[in-house]
Amino acid sequence: MTDVLVVDDDLAIREMVALALEKRGYRVVRAQSLAAARTALRERRPDLILSDIYMPGGTGLDLLKEIQDLDDPPPIILMTARGTIETAAAALKEGVFDYLAKPFDLDVMLARVQAALADRTPAPPAPKEGPESLIVGSHPALVAVYKAIGKVAPLKVPVLILGETGTGKELVARALHRFSARPGGPFVPVHCGAIPDTLIESELFGHRRGAFTDAQKDRRGALALAHGGTVFLDELGEISPVFQVKLLRFLEDGVIQPLGAEKGEAVDVRVVAATHRDLKAMVAAGTFREDLYYRIAGFEVRIPPLRERISDLPDLVAHFQARFQRDLGLPEPGAPSPAVLSLLAAHPWPGNVRELGHVVRRALIEAGALEDAGVLLRILGGAEPELAGPLPASPLSFTPPFLPLEDLEQAYILAVLSHCGGNKTEAARLLGIERKTLARKLRRPEGPDTEEPERDL
Ligand SMILES: Nc1ncnc2c1ncn2[C@@H]1O[C@H](COP(=O)(O)OP(=O)(O)OP(=O)(O)O)[C@@H](O)[C@H]1O
Ligand SMILES: [Mg+2]
């Protein structure tokens, strides 16, 4: 009989997983903490461990380290609810067999358990990655992206990543490579946008000396360079109909023929592509080949725009604050107030996470922190005004976490001000109060509630 140790401090998850395993005939030992897991391990060595990562008293990664000191350690599958892929990456680096992002389907869990028991060789260690490759966020829509990465990364199917500009398509492409079967192989990005056909052809397939006027020596293309790894075709929606045919041919036979070369050469490359365009609509309009679309969209990963997962904003702000503080050598900026977070949450973020990063960076440079609403409003108002759109949601739709009334008033005022591009006269008109009253309310957190001569925000 196969023994499985299930470790989770959350009773509901522990029972759900344990019962599903028992129904399939596994013998399950339950542990609600790291200490209980240690005791269980001393009593009987399981064939497999399923463990939560964050538990009071120690993490699943601690457990992993301890287990690896045993001879012939059992495989371990980590289950995590924290939506950062960082944990998964750290776990894989430690040599863990697999991980599951919560919430997961029980069928998926059972399949992973079977796979882990069938193949006890650990996954190859992933190459070390810096904080720039971290995907931050735990909104359910982003957790779905992590799950998709976990599911499709190890398979050699082409993946199409869809998402607006700045949503993190390249980050996801890199994660797909990092969690692929060949993370040690090359990752070669190619920007397909707005390049003439000959250039992109030579970029991708390479050329022989003399193939065209400027071809002074042989050049290896991105596909040859990516042999044994991943090629990332960015801005795929921009390629010409002629080039679409060439790409399709490569996807069908895996053979590259450099410009001016006599014969082709087979390469073994995983293809990941991305676009901010609606490729399906382009297919319908006849500007993108349907056969190529179906070839490349073997699996689609759709990254939601930031405004649709605005609950991730505080984590993203903290991430960027920490990163830029370190990069720029600034003093610790401190956590932003709820009012500032609400002000940021009310922005439509047409440039998505990239735009948020720029705003945080500029605010840190100009004001040392995000607390200066005046600076923030100016940056938000001034950030590519042609991209600025109307507020996405009615200011009267509220979702948790809820704010104290005082903070709410402040946040609401700031949201209206943001909408007016920082114009206090217009904001006062919309709020139905005097401009003087508005100025006083805006000063309230620092000073006593008295009329003072007006100064700028
Ligand atoms: N979820 C996220 N967590 C942390 N950083 C992120 C996240 N999403 C995006 N970023 C950061 O935002 C910037 C833009 O991301 P990326 O280049 O991957 O976007 P993109 O979708 O490829 O955009 P474009 O279509 O404009 O090329 C990068 O600096 C990236 O590190
Ligand atoms: Mg990109």
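Helices here are DSSP runs of H or I with at least four residues, strands are runs of E with at least two, and both are numbered from the N terminus. This is a predicted model, so to speak: local features need pLDDT of at least 70, side-chain atom pairs count only at pLDDT 80 or more, and totals for chains, interfaces and linings use all residues. Residues are numbered from 1 along each chain as its sequence is written, while chains are lettered from A and ligands numbered from 1 in the order in which they are written.

**View 1**

View 2. N352 sits in helix α15 (residues 352–367) and has a phi near 55 degrees. N352 is buried, with 21 other C-beta atoms within 10 Å. E235 has a positive phi too, about 60 degrees, but is found in the loop between β12 (230–234) and α10 (241–253). With 18 other C-beta atoms within 10 Å, E235 is partly exposed. The cut-offs: 20 or more other C-beta atoms within 10 Å of a residue's own means buried, 12 or fewer means exposed, and in between is partly exposed, with C-beta atoms placed from the backbone.

**View 3. The open sheet that holds β12.** Five strands line up as β9-β12-β15-β8-β16, with parallel pairing (two strands pair if DSSP finds at least two bridges between them). β9 (187–191) and β16 (299–302) stand at the edges with a single partner strand each, so one side of each has no neighbour in the sheet. From one strand to the next, the twist averages 20 degrees. Inside the sheet, four bridges join β12 to the parallel strand β15 (residues 270–275), and L233 has A273 as its bridge partner in β15.

**View 4. The open sheet that holds β3.** Here the order is β2-β1-β3-β6-β7, again an open sheet of five strands with parallel pairing. The edge strands, β2 (27–31) and β7 (98–101), pair on one side only. Helix α1 (residues 11–23) packs on the sheet, touching β1 (3–7), β2 and β3, and its direction makes about 170 degrees with that of β2. Angles run from 0 to 180 degrees between N-to-C directions, using axes that are lines fitted to C-alpha atoms, for helices over the stretch in contact. Strands β3 (residues 48–52) and β6 (residues 76–80) pair over four bridges, with I49 bridging to I76 in β6.

**View 5. E203 and its contacts.** E203 lies in helix α8 (residues 197–205). Leaving out residues up to four places away in sequence, E203 touches V190, I195, G221 and A222 (contact means C-beta atoms, placed from the backbone, within 7 Å). E203 and A222 are 19 residues apart in sequence, yet 6.1 Å apart in space, C-alpha to C-alpha.

Technical notes
Contact = placed C-beta atoms within 7 Å.
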